[in-house]
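Please open the structure in your viewer and keep the sequence beside it, so that each selection can be followed in both.

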Amino acid sequence: MFELFNIGIDEENVGFMIESNPNIRDMSSEEILDRVELLNQIGCDERKIRNILIGNPWYLDRCISDVVASINKLNELGLTRIDLMIDDNPMLLNVDEFEINDFVNSKLEEGYDMDEIIDMIDENSNVIVE
C-alpha cells in the first residue's frame with residue numbers, strides 16, 4: 001500500500017480508496033505495482049495514474065489479464081489515446097472485453113458503421129460504461 005503514497009496519493013485519498021475498496025489492504029506491493037505499470041505502458045503519467053486510481057480504486061483488484069484484454073480490444077478498434085480516455089473516465093478500466101464487443105455489436109445492429117462507433121467511444125467513453 002506504500003506504493004500509493006510513493007506515486008503521490010495523499011493519506012486522505014488513500015483512506016477514501018480503502019474505504020471504497022477494502023481489498024486494497026490485502027494487496028501485495030507487486031500487485032499494486034503491476035497495475036501502476038500497466039497504466040504507465042499505455043502512456044499515463046504520474047498525474048493521470050493518481051487521478052485514475054483515486055477515481056477508480058476498484059481497478060487495483062481487477063484481474064490484470066482482463067484489463068489487458070479490454071485495452072487490447074480498444075486498440076483493435078483503432079482508439080489510440082486510451083490513456084486520455086481512462087483519465088477522463090477511470091471506470092472504463094472496469095469494462096470487460098465482452099462488454100465492449102456487446103456495445104459494438106449492438107451499435108452495428110442499430111445501423112451505425114464502425115467509424116461512427118469508434119467516434120462515439122472516442123468522444124464519450126461513458127457510452128460503454130453506462
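Is Cys-44 buried or exposed? Select Cys-44 in this predicted model, and you will find that it is buried, with a relative accessible area of 3%. A disulfide is a covalent bond between the sulfur atoms of two cysteines. The count of disulfides here comes to 0: for Cys-44, the nearest cysteine sulfur is that of Cys-63, 19 Å away, and because two sulfur atoms must lie within 2.5 Å to be counted as a disulfide, Cys-44 is in none.

Next, select Leu-4, Leu-53 and Leu-60, the residues with the most contacts inside the largest nonpolar core, which has 37 residues. Among the helices that each supply at least two residues of this core are α2 (11–20), α4 (46–55) and α7 (97–109). If you then centre the view on Leu-4 and leave aside its neighbours within four places in sequence, you will see that Leu-4 is in contact with Ile-9, Val-14, Met-17, Ile-24, Ile-32, Leu-53 and Leu-60.

Finally, select helix α3 (residues 29–41) together with helix α5 (residues 64–76), whose axes come within 11 Å and cross at roughly 10°. That angle makes α3 roughly parallel to α5. To see where the two helices touch, show the side chains of Asp-34, Arg-35 and Leu-38 of α3, and of Ile-64, Val-67, Val-68 and Ile-71 of α5, which make the contact. Sorted by class, this contact has 5 nonpolar and 2 charged residues, with no polar ones.

Conventions
Residues are numbered from 1 along each chain as its sequence is written. This is a predicted model: local features need pLDDT of at least 70, side-chain atom pairs count only at pLDDT 80 or more; totals for chains, interfaces and linings use all residues. Side-chain values use heavy atoms; hydrogens and water are left out. Axes are lines fitted to C-alpha atoms, for helices over the stretch in contact, and angles run from 0 to 180 degrees between N-to-C directions. Helices (H or I, at least four residues) and strands (E, at least two) are DSSP runs, numbered from the N terminus. Angles under 35 degrees count as roughly parallel, over 145 as roughly antiparallel, 65 to 115 as roughly perpendicular and the rest as oblique. Contact means heavy atoms within 4.5 Å. Ala, Val, Leu, Ile, Met, Phe, Trp, Tyr, Cys and Pro count as nonpolar, Asp, Glu, Lys and Arg as charged, and the others, Gly among them, as polar. Buried means under 20% relative accessible area, exposed over 50%, partly exposed in between (1.4 Å probe, protein chains only). A nonpolar core is a set of buried Ala, Val, Leu, Ile, Met, Phe, Trp, Tyr and Cys residues joined through side-chain atoms within 4.5 Å.
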